[in-house]
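Hello,

Here is the structure I promised to pass on to you. Have a look at it first, and then read my notes below.

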Amino acid sequence: MIHNKTIVLTGASSGIGFQVLRLLSKSSDNKILAVSRHAEQLLGNFADNVIPFTMDVSSKEGVDAVFEKAAEVFDGKKIDLFYANAGFPYYEEFNYEDWDRVETMFNTNTFSPIYTYAKYIHHLNGRPGILAMTVSAIGQMAMPGYAIYSSSKFALHGFQEAIRLEAPKNLQITCLYPVATDTNFFRVANPVSFEKPFPVQQPDVVARKMVAGIESGKKFVSPSPLFGLSKVLMGVCPPVRTVYWGLETAKLNRFKEKLRGMNVEELEAAAQKIGKDIIEKSVEAVEKGKEALEAALKK
Ligand SMILES: NC(=O)c1ccc[n+]([C@@H]2O[C@H](COP(=O)([O-])OP(=O)(O)OC[C@H]3O[C@@H](n4cnc5c(N)ncnc54)[C@H](OP(=O)(O)O)[C@@H]3O)[C@@H](O)[C@H]2O)c1
């Protein structure tokens with residue numbers, strides 16, 4: 001059990017990050033700075049040892065602000081564990097010339113954790129620490145419909161591989177490679193619903209495996225055994241990958257067909273509804289998580 005630690009967790013208000021927060025906050029001597037753009041709204045009274053901090057980590061200024069806040073709330077003590085988990089996808093056909101849309105994703109998914117690494121090793125200054133990062137199975141195996149997301153996570157995967165060769169010995173780096181996980185991820189990816197890639201896991205399962213991996217000093221955590229197996233299988237028998245990609249491409253084609261059948265008003269209505277849905281789902285999950293945490297602490 002991770003206990004008596006100062007922890008920064010980004011993307012803490014939903015999905016995998018929220019389930020990690022639930023697990024870490026069970027040890028009342030952990031102090032956790034829980035960061036997201038809606039952190040105070042969603043985690044305002046989650047637990048006494050959780051300090052919500054509303055911040056967008058997609059810029060240098062945002063990450064700097066997180067480190068400054070950590071220094072304040074941890075009374076200048078070092079950050080024992082920094083978990084850079086915040087990230088988001090697009091699910092789409094990539095056929096547009098929009099530099100800013102691509103940059104927005106790389107800012108959050110790639111540049112933010114890379115900059116965090118640099119800041120964190122300076123912050124540690126030789127003292128032991130753990131940097132955890134959520135990469136993705138899609139950062140090792142590309143998928144149709146996720147070209148920009150895949151590339152942002154492949155870049156992060158390359159970074160973690162390279163940086164291990166030069167990282168200071170006082171730093172543990174633990175990276176998570178989830179397959180599709182049933183979170184707000186798929187609502188954020190496109191306001192119009194679509195078929196998820198196979199297989200799908202639950203965020204509490206993914207979070208449990210990641211927390212255990214951090215604890216035992218693992219370099220990589222791959223929560224779905226199927227992913228490891230399929231990588232081996234596809235390596236020795238490439239037609240298996242061709243069939244899998246064929247099935248996933250068929251899903252993208254069905255999605256494109258669905259979009260073609262929708263008019264502008266329907267698309268606008270879906271876009272308006274989705275923001276509300278995401279917050280509602282997050283509130284629901286936090287409420288359930290709070291009840292479960294209170295029940296666990298009473299035992
Ligand atoms: N779900 C999957 O299938 C899957 C698979 C592989 C990898 N992943 C990765 O897992 C991580 C967590 O995703 P999830 O599935 O748990 O999705 P999620 O339920 O949408 O959670 C994402 C979290 O990140 C926060 N966030 C997003 N952009 C942010 C920003 N710029 N600054 C601060 N916080 C930000 C969100 O809160 P706010 O909106 O309040 O900021 C939310 O708390 C991501 O890195 C994602 O790429 C997910």
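**How the helices pack**

H1 and H10 cross in a right-handed sense. On the H1 side the contact is made by Phe18, Arg22 and Ser25, and on the H10 side by Ala285, Val286, Gly289, Ala292 and Leu293. Sorted by class, the residues of this contact are 5 nonpolar, 2 polar and 1 charged. The two axes come within 11 Å and cross at roughly 20°, with H10 covering residues 264-298. H1 and H10 are therefore roughly parallel to each other, since angles under 35 degrees count as such.

Before I go on, please keep in mind that this is a predicted model.

The next pair to look at is H4 with H5. Helix H5 spans residues 147-163, and it packs against H4 at an angle of about 15°, with the axes 9 Å apart. H4 and H5 are therefore roughly parallel to each other as well. H4 passes H5 in a right-handed crossing. From H4, the contact draws on Val102, Met105, Phe106, Asn109, Thr110, Pro113, Ile114 and Tyr117. H5 answers with Ile148, Tyr149, Ser152, Lys153, Ala155, Leu156, Phe159 and Ile163. By class, this contact has 12 nonpolar, 3 polar and 1 charged residues.

H4 also meets H3. Helix H3 runs over residues 60-73 and helix H4 over residues 99-124; their axes come within 10 Å and cross at roughly 35°. Here H3 brings Lys60, Val63 and Phe67, while H4 brings Ser112, Tyr115, Thr116, Lys119 and His123. The contact of H3 with H4 divides into 3 nonpolar, 3 polar and 2 charged residues. The crossing of H3 and H4 is right-handed.

**Around the ligand**

How many residues surround the ligand? There are 29 of them, and the closest are Gly11, Gly15, Arg37, Gly87 and Phe185. The elements that give two or more residues to this shell are helix H1 (15-25), strand E2 (31-36), strand E7 (180-181) and helix H6 (185-189). Which of the elements supplies the largest share? That is H1, with 3 residues. Counted by class, the shell around the ligand has 10 nonpolar, 17 polar and 2 charged residues.

- Phe198 and Pro199 are joined by a cis peptide bond, with omega about -5°. Pro199 sits in the loop between H6 and strand E8 (200-201).
- Asp75 is not a glycine, yet its phi is positive, at about 50°. You will find Asp75 in the loop between H3 and strand E4 (81-84).

**The chain as a whole**

Zooming out, the chain has 10 helices and 9 strands. Its C-alpha atoms fill a box of roughly 55 × 45 × 40 Å along the principal axes. Is the chain compact or extended for its 299 residues? A compact globule with 299 residues would have a radius of gyration near 19 Å, and the chain has 19 Å, so the value agrees with that of a compact globule.

That is what I found.

Best wishes

Note on methods: Residues are numbered from 1 along each chain as its sequence is written. This is a predicted model: local features need pLDDT of at least 70, side-chain atom pairs count only at pLDDT 80 or more; totals for chains, interfaces and linings use all residues. A residue is near a molecule or strand if its C-beta atom, placed from the backbone, lies within 6 Å of it. Helices (H or I, at least four residues) and strands (E, at least two) are DSSP runs, numbered from the N terminus. Ala, Val, Leu, Ile, Met, Phe, Trp, Tyr, Cys and Pro count as nonpolar, Asp, Glu, Lys and Arg as charged, and the others, Gly among them, as polar. Axes are lines fitted to C-alpha atoms, for helices over the stretch in contact, and angles run from 0 to 180 degrees between N-to-C directions. A crossing is left-handed if the near helix is turned anticlockwise from the far one by less than a right angle, and right-handed if clockwise. Two residues are in contact if their C-beta atoms, placed from the backbone, lie within 7 Å. Angles under 35 degrees count as roughly parallel, over 145 as roughly antiparallel, 65 to 115 as roughly perpendicular and the rest as oblique. The radius of gyration is taken over C-alpha atoms; the globule rule is 2.2 Å times the number of residues to the power 0.38.
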